[in-house]
Amino acid sequence: MTLNDKQLETKSKIESLSSIINIDPVWAVSIAMVESSLGLFQKSHTSCRGVFQMSSIAMKDLLLEMENIDDDLVDLLCGMLFLRLLLQRHGSIEKATSHFCDPDDRSFYINKVFDYMKEFSNERG
């Protein structure tokens, strides 16, 4: 089978994440191929979205189930994906950060996050 560059990139990402999540990468890529031909921005007539054509019901079910899973990786992935969503919606780290916290704490929260960002940036060199 010949895949285009975008499909190869998506396949590679799925394979990398599969090893982190501990699922069979061949299975994950095959499901994604059937669902969307490895197309990232697919949307079906039933409003399912993405490479795996997840419905909003499936996403809600997954999020509810994750409360019962003691899995640090799931927690990390969900948090980082939510940060990515906020950044896409709001266009800057500062605005995204302001939507991650309680509105009453925004000024304090943003300052604290930026202080940590400076500290961690200095550690990197």
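User: How many salt bridges does a search of the whole structure find?

Analyst: Two salt bridges. The term needs a side-chain nitrogen of Lys or Arg within 4 Å of a carboxyl oxygen of Asp or Glu. This is a predicted model, where local features need pLDDT of at least 70, side-chain atom pairs count only at pLDDT 80 or more, and totals for chains, interfaces and linings use all residues. Side-chain values use heavy atoms, without hydrogens and water, and residues are numbered from 1 along each chain as its sequence is written.

User: What makes Lys 13 and Glu 9 a salt bridge?

Analyst: Their closest N and O atoms are 3.4 Å apart. That is within 4 Å, so the pair qualifies. Both residues lie in helix 1 (residues 5-21), four residues apart, about one turn of the helix. Helices here are DSSP runs (H or I, at least four residues), numbered from the N terminus.

User: How do you know that Glu 15 and Lys 11 form a salt bridge?

Analyst: The N to O distance is 2.7 Å. The cut-off is 4 Å, so this pair counts. Glu 15 and Lys 11 also sit four residues apart in helix 1.

User: Why is Lys 13 called partly exposed?

Analyst: Its relative accessibility is 46%. Partly exposed lies between buried (under 20% relative accessible area) and exposed (over 50%), using a 1.4 Å probe and protein chains only. Glu 9, at 38%, is therefore partly exposed too.

Conventions. Helices (H or I, at least four residues) and strands (E, at least two) are DSSP runs, numbered from the N terminus.
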